[in-house]
Amino acid sequence: MALLETRGLTAFYGDFQALYGIDTALQPGETVAIIGANGAGKSTYLKSIVGLIRGPAESVWFDGQPIGARPAADVMKRGIALVPEGRRLFPSLTVEENLLIGRYGRSAPGPWPLDKIYALFPALKARRHSASTTLSGGEQQMAAIGRALVSNPRVLLCDEISLGLAPIVIRDLYNALLQIKAAGTSVVVVEQDIVQAFRVSDRIYCFQEGRCSLSGRPAELSREQIHLAYFGT
Amino acid sequence: MAEQNKPLAGAGHYRIETGTPVSLMAAVGTLIVVALLAALPLFAGRDLLENMIFVLYMLALAQCWNLLAGYTGLVSVGQQAFVGLGGYILFALTLIAGIDPLVAIILAGAISALFALPTALIVFRLRGAYFAIGTWVVAEVYRLSFAQFRQLGGGTGTSLGPDITNAVFAIDRVKSLLDVRTPAARDIISYWAALALAVGTTLLVYLILRSRRGLALGAIRDSEEAAASVGIDNARVKLAVYVIAAAVTGMIGALIYLQKARISPDAAFSVLDWTAYVIFIVVIGGIGTIEGPILGTLIFYLMQNYLASYGAVYLILLGVLAILVMLFAPKGLWGYLSQSYGLELLPIRRRLVWKKDQ
Amino acid sequence: MILWTNALIEGVLLGGLYALFAAGLSLIFGIMRLVNLAHGDLIILAAFVVLSVAAWLHIDPFAATLAALPIMFLAGFALQYCLLNRALGRGLLPPLLVTFGLSIIIENGLLELYSADSRRLHGGSIETSSIALGHAVSVGVVPLLTLASAIVVILVLNFIFYRTALGRAFRATADDLEISQLMGIDHPRIFSVATGLAFVVVTIAALYLGMRANFDPTIGPERLLYAFEAVIVGGLGSFWGTLAGGIIIGVAQTVGAQINPEWQILAGHVAFLTILVFRPRGLFPRAVD
């Protein structure tokens, strides 16, 4: 049975329909990448899962329970954590406080206590008492990942963690993601950087204008198929 | 997406309209109502006339507050500053300078505008909710300052003698024309002045909102940043609205206290009488519409007439009603009606209409 | 000279009271950007609650305040949870007008229940005791306790804000409401806890308000204005700034009263407006608003 599933997921912003019946499934321990161009509905998909956009209960299933209508705080307590687009650290909290707040609603035992997160991202440990606003972009992204990880979620959702970062930093972040995966956490990455997405994921879904245009294992998909699913032409 | 919204058959073009067929009828109807109201002294008794004066000046105050809060987002809890200021200016001008009361009302408007400029300089440093309390502080400063003027009765206040209130412009002509005694003639003139202020204020708000400036106001209320990005000078538009509202409120205040003929700082700068009631009227009737305050004033008048004798309980009821409306029908009674029946009597919105080519 | 020294000392002590008024207002604003126009009336409501508890249990005002604290915490929690949360997130007007309506309801409800008579919280001999500072200057024990309580309240609030998980949740919610939910923070509950906490501070303020002077149901709005002035003068977002702001308004009032007794309140307002003109972000700004 899938750990996290969307069944015919739709989403609206007022009158504008952003998602048209998305069916996805994430198996335990699996890493899935959602790729697609700007405006394809990738972030909306993640927001719908975590409850920042709410819909019918049966559109999202987690661990056998319908959660599509649950508020975000409740979804997080069940074990789904999101690393939001643009990092969104809390500016008036220090680096360590940003990590600690990540387990406010859920402090389940697991592979990611605070010291393990510092071991994963040593740069954060050195800056632990600094204001989060003083971190570099890459460090902020590490803190955002750490903040999501510290509650030991069963599913980690990452929204465009490569955005605006240097290639070498992106590579480090994705290496960290491989370690997170190895520790047993299921991961969904939303990514425009297809190379990184393919490197870490077991399966991919490609979104185009609110619909899922392609899915499969990275090795089994041809360049042409992906190009068509991504750009539509 | 846009493709689907276009009418499918026939050539045509879009145009922007502000009027509707109903609004044309409403305009004619409004003229008739105003004409009837102007003729009211010919057949109404003094009681009705005095009640109408109250209704009209509350309506005028409500339109001013509506212009500030409903269209510009300047939520003032300190408009009593200008009611009291207008009242005191009237007393000063008539008692000390011996000016005709009607002229004094107009001067009160001008002087209130002058006071509004430095006041704005201070309160505009506060935003949103803090602006609200800031205006309240300023009104308190006005109240406490006027209590220091010994010539105007200090903290206990003072009265206008009949020699002044009866010296109103054209009172003799009204007396002979309508064959009434002096006190009645005075009420009639006050009534006409109140009618002129209420109609004038409503018309002014209507014209401001239909102008290009009015569009700017809507934009500022909806989003200051967005308005600034399309080149609207927020600060200047807001300042202009604030000063206009102050001038009109000052004139209304002068008229109110000419009619009352007695003024004291506590009454003239009362937050309950001149701001809380006014907010209630606008919120119940429908904030951000021209029709709302008219409806709200009528409701308030009825409640005031039938329930005011219950004192504190009545005020509790007003508070509860305002909270319920704000939470469950934030556009007020008029907003609810116009949404349910698509009514818009005095339209200020521009709408895109598809016209078929002939 | 002695007179002026006295006025200064009195003003500083009065500032303690105003800081207590202001701390609750600042707390609620800081976390949920809600400006509570009923804040002054809530202080008066709390004073009547303390008065009633004291009369009912035949205990002194201090004990009555202790007994009233949990009641007031729950009242604040319930008010936020059932009413004020519904007014949030819908623009500027709903919270302002709902709390303005609330202010009218509280004031008139108190008039209906307790009449317009002046009341006082009687604490026995402590009310009249004072401590001599030098041969001509002495300070009352109650005013001194007020200032000391203000300092303790601020220390406790700062501890909660900067040293506890609850405080982190307060600050996170204030920073970014959407993301705070992803931390499992149930913001309607966090807001309600914050208002409950503000009500606790309000009740402590009410104790000293009622012991220092007479009160009646109509004096709430003026207390709102003093609280507001202290918050703005101190600069948003800092409790210590609020204490400084309270002291500045307090000193302005007592010095004003020393010049002319009628100028007490006016002097406080004028000091506030003057500071607003020259330092619009307050003397010790912290939060960005």
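Analyst: Two residues are taken to be in contact if their C-beta atoms, placed from the backbone, lie within 7 Å. By that criterion, chain A and chain B of this predicted model do not touch, and their nearest C-alpha atoms are 9 Å apart. Two pairs of chains are in contact, and of these chains B and C share the most contacts.

Residues are numbered from 1 along each chain as its sequence is written, with chains lettered from A and ligands numbered from 1 in the order in which they are written. The model scores ipTM 0.92 and pTM 0.90. For chain C, the mean pLDDT is 93, and 99% of its residues reach 70 or more.

Where chain A meets chain C, 20 residues come from chain A and 15 residues from chain C. On the side of chain A that touches chain C, the elements giving two or more residues are α2 (72-78) and α3 (95-101) of chain A; helices (H or I, at least four residues) and strands (E, at least two) are DSSP runs, numbered from the N terminus. The most is given by α2(A), with four residues. This side of chain A comprises 13 nonpolar, three polar and four charged residues, where Ala, Val, Leu, Ile, Met, Phe, Trp, Tyr, Cys and Pro count as nonpolar, Asp, Glu, Lys and Arg as charged, and the others, Gly among them, as polar.

Chain A also contains an open sheet of six strands, in the order β6-β7-β8-β3-β9-β10, with mixed pairing. The edges are β6 (80-83) and β10 (211-216) of chain A; each has a single partner strand, so one side of each is left without a neighbour in the sheet. On average, neighbouring strands are turned by 20 degrees against each other, direction ignored. Within this sheet, β7 (residues 155-159) and β8 (residues 186-191) of chain A pair (DSSP finds at least two bridges) in the parallel sense over five bridges. Cys158(A) stands opposite Val189(A) in β8(A).

Helix α6 (residues 137-149) of chain A packs on the sheet and touches β6 and β7 of chain A. Its direction makes about 170 degrees with that of β6(A); axes are lines fitted to C-alpha atoms, for helices over the stretch in contact, and angles run from 0 to 180 degrees between N-to-C directions. Helix α9 (residues 223-231) of chain A also packs on the sheet, touching β3 (31-36), β9 (203-208) and β10 of chain A, and its direction makes about 40 degrees with that of β9(A).

In chain B, helices α5 (residues 101-123) and α6 (residues 128-146) pack at an angle of about 135 degrees, with their axes 10 Å apart. That angle makes α5(B) oblique to α6(B) (under 35 degrees counts as roughly parallel, over 145 as roughly antiparallel, 65 to 115 as roughly perpendicular and the rest as oblique). Thr119(B), Ile122(B) and Val123(B) of α5(B) make this contact with Phe131(B), Gly134(B), Thr135(B) and Val138(B) of α6(B). Four of the residues in this contact are nonpolar, three are polar and none is charged.

Technical notes
This is a predicted model: local features need pLDDT of at least 70, side-chain atom pairs count only at pLDDT 80 or more; totals for chains, interfaces and linings use all residues. pLDDT is the predictor's confidence in each residue, from 0 to 100.
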